[in-house]
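Welcome, and thanks for taking a look at this one with me.

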Amino acid sequence: MTNILYINASARKHGSLSRMLGDRFVNGWTGRDGVGDVRHRDVGTNPPPIISEDWIAAAFTPRAERNGAQHEMLALSDQLISEVSQADVIVIATPMYNYGMPGALKAWVDQVVRVNETFTFDLARGDYPLEPVLSGKTLVLLTSSGEFGFAQGGTREEMGHLVPHLTTVSKYLGAEQIHSVSIEYQEFGDARHSRSIATAKEQVDELLKDLSHAAA
Ligand SMILES: Cc1cc2nc3c(=O)[nH]c(=O)nc-3n(C[C@H](O)[C@H](O)[C@H](O)COP(=O)(O)O)c2cc1C
């Protein structure tokens, strides 16, 4: 059984291309055998709070020493981490906003990537003291942007901080395999955009076949 965590980060409920790709992937998967739970977390319409000084103090206080307010402060983070832990496949459907991830998705990342929960920190490891706690997961990144050329070798590669940032962080979500599909040219609305949508849909369908075969 494969459990899916489906995260949406577009602020738009209507006409969102990243949601369209995410729904295509998740609905395509749930029509097949071997599906466990699908947990939907819509940070685009229901963003987690941005972490605060009190949140950081609570996170760095050993669990047994936390007071009631600190446990409460971390309750949502605990819940979001448990959703990530239970997932085999994490689907993140997200727009590019200002060349990176939307603030709502970054708020989710900051709630989830937490010391002694999703990573451990030990200076005995030398210059790379962080190690992920989780492992063995697959991350499916489904993105949409108004401009184009953000992929490796593209004309705006240097400006594309969405997929590279999520790829870096995904280590602490336990992702060991990453697949990425992007729609581009949304702001141009021309034939290149239509082609980009058609190609992305095909890539999602191919990915579904590959991943669901691997999971069967
Ligand atoms: C606030 C905001 C910021 C955006 N910033 C960028 C950007 O930096 N680069 C880009 O190519 N497109 C940018 N766009 C365009 C979106 O990435 C594009 O409309 C995408 O399709 C939105 O995703 P959605 O269709 O899932 O809502 C921005 C759109 C909005 C609303």
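Predicted model: local features only at pLDDT ≥ 70, side-chain atom pairs only at ≥ 80, totals over all residues.

1. Next, H7 itself. This helix spans residues 191-215, 25 residues in total. From first C-alpha to last it reaches 36 Å, close to the 36 Å expected at 1.5 Å a residue.

2. Which residues of H7 are buried? They are His193, Ser196, Ile197, Ala200, Val204, Leu207, Leu208, Leu211 and Ser212. When you look at their numbering, keep in mind that an α-helix has 3.6 residues a turn, so residues three or four places apart point the same way.

3. Now follow the chain to Ser170, in the loop between H6 and E7. Is Ser170 buried or exposed? Ser170 counts as buried because its relative accessibility is 1%, and the cut-off for buried is under 20%. Its side chain reaches the backbone oxygen of Thr167 at 2.7 Å. Leaving aside residues up to four places away in sequence, Ser170 touches Leu139, Ala175 and Ile178.

4. For another loop residue, please turn to Glu158, which sits between E6 and helix H6 (162-169). Glu158 has a relative accessible area of 68%, so this residue is exposed; the cut-off there is over 50%.

5. Glu158 lies 157 residues from Met1 in sequence, and their C-alpha atoms are 39 Å apart in space.

Note on methods:
Residues numbered from 1 in each chain as written. Heavy atoms only, no water. Helix = DSSP H or I, 4+ residues; strand = E, 2+ residues; numbered from the N terminus. Expected span 1.5 Å × (residues − 1). Buried < 20%, exposed > 50% of the residue type's maximum accessible area, 1.4 Å probe, protein only. Polar contact = N/O pair within 3.5 Å; in protein donor to acceptor, adjacent residues only side chain to side chain. Contact = heavy atoms within 4.5 Å.
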